[in-house]
Amino acid sequence: MEQYKKEFIEFMADSDVLKFGDFTLKSGRKSPFFMNAGNYVTGTQLMKLGEYYAKAIHDNYGDDFDVLFGPAYKGIPLSVAAAIAYAKLYGKEVRYCSNRKEAKDHGDAGILLGSRLQDGDRVIIIEDVTTSGKSIEETFPILKAQADVRVAGLMVSLDRMEKGLASEESALMEIQKTYGFPAGAIVTMQEVVEHLYNQPYKGKILIDDTLKAAIDAYYEQYGAKQ
C-alpha cells in the first residue's frame with residue numbers, strides 16, 4: 001500500500017471523519033463504520049485533503065483533464081481544495097466547477113459555481129464517498145446538460161466496496177459500466193481494515209476483533225462481488 005494511503009487512513013481517523021460503531025446510512029443499511037467528510041473543517045485539514053485527492057487523481061488519471069467538478073454541497077470544498085493542491089504539487093492549472101441545488105436567476109445566473117463548462121472539457125468528478133452510486137445518477141445529467149463534456153473519471157475518498165443499485169458489483173464498478181468512465185478511490189475499506197486491524201494507533205486499537213467481525217458480517221450481507 002502506498003505511503004500516502006496509510007497517511008490518509010490515519011488522517012481520516014484523526015479528523016473524526018471515519019468513525020466506527022452503529023450507524024444507519026442514507027440507503028437504510030445498518031453499518032459498523034461511517035465516513036462524514038463534513039468533519040473536515042479547518043484550513044489545515046482542507047489543505048491536506050486536497051493534496052490526497054490530487055495525488056490519487058494524478059496516480060489514476062494523470063494530467064489529462066481540465067476541470068474538477070464537485071457536486072453540491074460536500075463536493076464544493078473538495079473540488080476547490082483539490083484544484084489548489086494540483087497546481088501546487090504538479091504545476092498544472094485546472095478549473096473547479098460545482099452546481100447549485102437551485103438555479104440562480106440574477107447576477108451570476110445559472111446552476112454552476114466556479115468555471116463555466118465548455119464543449120470538449122475533460123472533467124473529473126470528485127465526491128466524498130460512494131455507497132450505492134445513486135449520486136452519479138443526479139450528477140451526470142447536470143454535467144451533460146451544461147456542455148458537451150467528457151467525464152474522464154470519478155474520484156472518491158473512500159470506496160465502501162458495497163453492492164451498487166442494480167447488481168452485485170461494487171458501486172464504482174457499476175458506475176464504470178453504466179457511464180463508461182473510470183472510477184477510483186483514494187483508499188478502499190479493505191485497505192482501511194488492513195492498516196488498522198489490531199494495529200495500535202496513538203495508543204488505541206481502532207479495529208479490534210469484535211469490530212472486525214462486525215465489518216465482516218456487514219460485507220457478507222452488502223459486500224460487492226469481486
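Is Asp 216 buried, partly exposed or exposed, and what is its relative accessibility? Asp 216 counts as partly exposed, at 35% relative accessibility; buried means under 20% relative accessible area, exposed over 50%, and partly exposed in between, for a 1.4 Å probe and protein chains only.

This is a predicted model, in which local features need pLDDT of at least 70 and side-chain atom pairs count only at pLDDT 80 or more, while totals for chains, interfaces and linings use all residues. Residues are numbered from 1 along each chain as its sequence is written, and side-chain values use heavy atoms, with hydrogens and water left out.

**Strands and helices**

Helices (H or I, at least four residues) and strands (E, at least two) are DSSP runs, numbered from the N terminus. Strand β1 (residues 18–24) runs antiparallel to strand β2 (residues 30–35), and five bridges join them; two strands pair if DSSP finds at least two bridges between them. Lys 19 stands opposite Phe 34 in β2. The two strands form a hairpin with five residues between them, and Gly 28 in the turn has a positive phi of about 95°.

Helix α1 (residues 3–14) packs with helix α2 (residues 43–61) at an angle of about 145°, their axes being 11 Å apart. Axes are lines fitted to C-alpha atoms, for helices over the stretch in contact, and angles run from 0 to 180 degrees between N-to-C directions. The contact (heavy atoms within 4.5 Å) includes Tyr 4, Phe 8 and Phe 11 of α1, and Leu 49, Tyr 52 and Ala 56 of α2.

**Salt bridges**

The structure holds 15 salt bridges, each a side-chain nitrogen of Lys or Arg within 4 Å of a carboxyl oxygen of Asp or Glu. Three of them are listed below.

| Pair | N to O distance |
|---|---|
| Lys 5 and Glu 191 | 3.2 Å |
| Arg 122 and Asp 64 | 2.1 Å |
| Lys 212 and Asp 216 | 3.0 Å |

Lys 5 lies in helix α1 and Glu 191 in helix α6 (residues 189–196), so this pair ties together parts that are 186 residues apart in sequence. Lys 5 is buried, with a relative accessible area of 12%, and Glu 191 also counts as buried, at 16%.

Arg 122 in strand β6 (residues 122–130) and Asp 64 in the loop between α2 and β3 (67–70) are 58 residues apart. Arg 122 is partly exposed at 23%, as is Asp 64 at 42%. Both belong to a network of salt bridges that links Asp 64, Asp 66, Arg 122 and Arg 150.

Lys 212 and Asp 216 both lie in helix α7 (residues 209–222), four residues apart, about one turn of the helix.
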